[in-house]
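Please keep the sequence and the coordinates at hand while reading.

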Amino acid sequence: MNSSVIEFAGLTKKYGSFTAVDHLNLSIDEGEIFGLLGPNGAGKSTTILMMLGLTEPTFGTVRVCGINSTTNPVEVKRKTGYLPEDVGFYDDYTGFENLIYSARLNGIPDKEAKEKVKYILDRVGLSEEINKKAGKYSRGMRQRLGLADVLIKDPSVIILDEPTLGIDPKGISEFLELILKLSREEKSTVLLSSHHLHQVQKICNRVGIFVGGKLIAEGDINTLSNKLFSSDPFHIEAAIRQDEKVGSPDIVRNELVEKIKQVAGVHYIETFNDTFRISCAEDVSGEIARVIVESGVQLIHLSGKEYGLDDIYNRYFEQNGNSN
Amino acid sequence: METVTDISNRMKRLTTIFNKRILPDIEREQERQKVNRVAPGAFMVMVKKEVSDHIRSWRFIILFSIIILTCLGSVLSALQGFSDAIKASQGDESFFFLRLFTATDGTLPSFFVFVSFLGPLLGISMGFDAINTEENKNTLSRVMSHPIHRDSIINAKFVSALAVLSVMFFLLGFIVMGMGIIAIGIPPTPEEFLRVICFIILTILYVSFWLNLSIFFSVKFRQPATSALSGIAVWLFLTVFYSILVSVVAKAAAPSEMASSQQVMKYQQLVFGMQKILPSEMFSDATTTLLVPTIRTLGPLTAEKMYGTLPSALPLGQSLLIVWPQITGLVAASILCFVLSYISFMKREIRSG
């Protein structure tokens, strides 16, 4: 099971004096969904291009399923499906014809191809639009067609470059569901790049954070947040509603903040009007709730917050900014 | 003495040896090659798609009809004055069938002039958006992610356009010949037929030069409009401005009246060389030589050379020999453009978005 399918070894790409990818070492296991995260221009796309042999690394190697992408790109492309950032289709062809063409390029005999294309279009939810010209497809539909194009060769590795870009929220969650489902059913390894953290967080087993061509952290989201926020790993959010009769809202709030600060384990508290964000060393939400209720204001909600990728991301950027 | 049975036994033994020892090796080798090969026929699949795209595109339909119409018009105008030509000619030696392609009654230019004028436009129009449109529509990176070699794309573009052009020019040539046979009632002699075939092949070579040039521009320029305009600019420069340039240079370099005949000769050769290096000049020289068999040389002719020659037509082999440099030049120019576009396409990084 845990054999690595994608392996980067010291992968570097330079454009003149600019280093787009800097000594990338990473291995991705079979069946994993790996999220490559980073801001625009971090080198995610370049990395993907090198995986497919569409551009040559300055040095270092990429191996996909044990095959060197630079020296034997055709073999790699046989096993790898790639959905580019902004996938394009031949506008005068219908979705069906576009996929038939891809099937032919993959050497699938025509008879088999027709059935397969129909089946795949059904899976990605485009069976209604099968005879519509690809030029008339919406962005979300094109993305689905792109996924179908990837699936036509039964890939063991699926690479998705910014798959959620430009689709509406509902479309995004549907699309990600689809990827998740497919990866589970087909047991294929998925590598997806994104700068959208929330979306990726939902489906990735593991993420790598890519900034300025360097992989600065990798691991599952819990590991990452623990690594980063080791001093106060717990985050509690509380919202209150004040009764006008008790006293001036500001005074009451400040008193309350002082009280909460005295709870053992609380390190830091931020207020946004009537919402508090509390960082603490251990889970003391019960204690905080008691303090708030005793002070005579209403507690509207209290929730323990886990660190999301956003926080991780921001934290890294802060660190990066500081070090520069 | 070996009997027949001996020989057949030996044959059998050899066959078994072949089947047992050699055949498996061959099969294994074939199997291995199959694994390493690109999906069989991926290149042909691409060529087929490109060909059908060309044929179905409005651009090709329009250009094709323009060319068909103008060429038919020119043939009709050639036929107008044909009866006089037949009367004046004596027998087969005059190659009057070839006049279909060269003659005119003055209202319209002749067939081969039209072809040399519209051919480049056709070549440019079929290649100028070959690569950049795919790039702009982001289909290139998607297609490249399928198991195909990168060069198949540019090769398929070239081969498909060339195939369409070839079919079209052969069709055109045969239509003209057919019309000629119907109109004048005399079939072409084999030599005339071969000359027309050579002319068609030459035309395809010439147009494929412009095709390659425009494919090169389509690799270089991201905007199809830029690439089309650069193609047309080169065409205009070569057909109009270059000859002006040559005449300016020629005037500047003209020897004085006192110059020796050798100097005059050298000067003539210089001017001549400057003019003849153009693809369009090469094409028109080659076509006139092929279609007008009485042309005996393309260079300057001195009185000594003319002395004692018989005013007769050359056989096809000799005509081809005269235009061999032109044909080589056209092929070379065409290959040069293709190599340039091939190299710059292979070095290109294919990104989407």
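Helix 15 of chain B, residues 316-347, is made up of 32 residues, and its first and last C-alpha atoms are 44 Å apart, close to the 46 Å expected at 1.5 Å a residue. The model is a predicted one. Helix 15 of chain B has a kink of about 55° at B:Val323, shortly before the proline B:Pro325. B:Val323 is also buried, and other buried residues of this helix include B:Ser319, B:Gln326, B:Gly329, B:Leu330, B:Phe338 and B:Phe345. Among the elements that cover the buried residues are helix 9 (150-184), helix 10 (190-220) and helix 13 (279-291) of chain B.

Helix 9 of chain B also packs with helix 2 (residues 42-56) of chain B: the two axes come within 8 Å and cross at roughly 50°. The two helices are therefore oblique to each other, and their crossing is right-handed. On the side of helix 2, the residues that meet helix 9 include B:Phe43, B:Met46, B:Val47 and B:His54; among their counterparts in helix 9 are B:Ile153, B:Ala156, B:Val159 and B:Val164.

In chain A, helix 5 covers residues 139-151; its 13 residues should span 18 Å at 1.5 Å a residue, which agrees with the 18 Å between its end C-alpha atoms. Helix 5 of chain A is mostly covered, with eleven of its 13 residues buried. Among the buried ones are A:Arg142, A:Arg144 and A:Asp149, as well as A:Leu145 and A:Val150. The buried residues of helix 5 pack against elements of chain A, including helix 3 (95-105), helix 4 (110-123) and strand 7 (157-161), and also against helix 8 (139-144) of chain B.

How values were computed. Residues are numbered from 1 along each chain as its sequence is written. Chains are lettered from A and ligands numbered from 1 in the order in which they are written. This is a predicted model: local features need pLDDT of at least 70, side-chain atom pairs count only at pLDDT 80 or more; totals for chains, interfaces and linings use all residues. Helices (H or I, at least four residues) and strands (E, at least two) are DSSP runs, numbered from the N terminus. The expected span of a helix is 1.5 Å times one less than its number of residues. The bend at a residue is the angle between axes fitted to the seven residues ending there and the seven starting there. A residue is buried if 20 or more other C-beta atoms lie within 10 Å of its own, exposed if 12 or fewer, and partly exposed in between; C-beta atoms are placed from the backbone. Two residues are in contact if their C-beta atoms, placed from the backbone, lie within 7 Å. Axes are lines fitted to C-alpha atoms, for helices over the stretch in contact, and angles run from 0 to 180 degrees between N-to-C directions. Angles under 35 degrees count as roughly parallel, over 145 as roughly antiparallel, 65 to 115 as roughly perpendicular and the rest as oblique. A crossing is left-handed if the near helix is turned anticlockwise from the far one by less than a right angle, and right-handed if clockwise.
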